[in-house]
Amino acid sequence: MKFDIHSLGDALGAEIIGLDLSAPLTDSVFADIHQAHLDYQVLVFRDQSLNPQDQIDFSRRFGHLDQHPANDAVLPDFPDVLVLSTKRENGAYIGLPDAGPLWHSDLAYRKQTALGTTLYALEIPESGGDTRFANMYNAYDALPKALKDAVDEKRGTFLAGRNNASRAFKRTLNQAQQDAVPAVTHPIIRTHPETGRKSIFASEQHTIRIEGMSEAESAKILAAIFAHAALPEFTYTHKWRVGDLTFWDNRCVQHIADLSRIDDPAYIRHMHRTTVEGDAPF
Ligand code: SIN
């Protein structure tokens with residue numbers, strides 16, 4: 001092993017120390033990172049100093065990069081980099097201030113959902129703005145049998161949160177951006193294409209109903225699944241430091257951002273995100 005790995009707790013997550021992601025990775029280091037990503041689901045690379053191209057180059061080792069439907073919130077000249085920021089220019093947000101107000105897996109609203117997301121911290125507030133991650137393998141394993149049976153083999157309708165009028169976002173998509181991401185269906189429980197393990201894929205931000213059930217039954221079961229998936233024993237809370245790059249596996253992890261201070265003008269949280277495309281869940 002060419003770097004140190006420290007577990008971040010019982011649920012998921014590991015800190016990677018002693019690796020400079022701005023330098024090209026050898027195949028052997030890449031293989032170790034890949035394995036750590038599968039083993040720990042969330043990796044935190046500390047003390048990085050990355051320009052946008054460095055972040056893109058690292059992300060592309062894992063696959064093709066998605067371009068977010070909010071195509072006016074990407075970094076100028078780097079359409080693969082989504083800006084997550086509470087900063088404003090002329091009164092308007094320069095990026096998305098609120099990418100993850102509810103538990104979700106990235107790109108769950110696309111047919112090809114996300115393999116992984118990198119999020120790089122450029123400016124971090126003194127308090128607030130944590131990201132919580134939840135291990136959906138463990139959540140699935142601990143799902144009560146009645147709920148498992150209710151959703152086994154079931155598919156759900158998934159919709160971009162910013163497309164869903166019942167969700168409150170600070171910055172919404174315009175009509176053309178919404179039209180680019182119509183609703184799709186996915187299994188409520190998915191199987192990881194690399195580990196073969198099952199996990200909960202339905203999420204509060206994107207899953208609006210379970211197919212083949214009445215509206216009322218679907219709402220009741222989804223509410224029970226969402227409450228279960230967010231139980232503290234499945235979670236790790238990341239307190240950001242400038243220079244952290246996190247890289248999580250959206251095929252078995254859900255996440256949510258703490259937005260409690262978003263309306264405080266003194267609160268600045270500024271990050272760059274890339275999203276690696278994965279496959280259609282099965
Ligand atoms: C996201 O949901 O992609 C971003 C999470 C965060 O802002 O912490």
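Predicted model: local features only at pLDDT ≥ 70, side-chain atom pairs only at ≥ 80, totals over all residues.
Figure 1. One of the pairs joins Phe158 and Phe201, whose ring centres lie 5.4 Å apart and whose planes meet at 25 degrees, so the pair counts as stacked. Phe158 belongs to strand E10 (residues 155-158), while Phe201 sits in the loop between strand E13 (198-200) and strand E14 (207-210), and the pair therefore ties together parts that are 43 residues apart in sequence.

**Figure 2. Polar side chains facing the ligand.** His104 places a polar side-chain atom 3.0 Å from an oxygen atom of the ligand. For Arg269, the distance from a polar side-chain atom to a ligand oxygen atom is 2.7 Å, and for Arg273 an N or O atom of the side chain is 2.6 Å from an oxygen atom of the ligand. The ligand taken alone exposes 260 Å², of which the protein buries 99%.

**Figure 3. The shell around the ligand and the space that the ligand takes.** The residues around the ligand are Leu84, Ala99, Gly100, His104, Asp106, Leu119, Thr131, His255, Ala257, Arg269 and Arg273. Sorted by class, this shell is made up of four nonpolar, four polar and three charged residues. The space that the ligand takes up is the largest cavity.

Methods: Residues numbered from 1 in each chain as written. Heavy atoms only, no water. Near = heavy atom within 4 Å. Polar contact = N/O pair within 3.5 Å; in protein donor to acceptor, adjacent residues only side chain to side chain. Areas by Shrake-Rupley, 256 points an atom, 1.4 Å probe, with all protein chains shown as cover. 1 Å grid on protein atoms, 1.4 Å probe; cavity = no way out; pocket = protein on both sides within 12 Å on 5 of 7 lines; lining within 4 Å. Sits in = over half its atoms within 2 Å of the grid points. Nonpolar A, V, L, I, M, F, W, Y, C, P; charged D, E, K, R; others polar. Phe/Tyr/Trp six-rings, centres within 6.5 Å; stacked < 30°, edge-to-face > 60°. Helix = DSSP H or I, 4+ residues; strand = E, 2+ residues; numbered from the N terminus.
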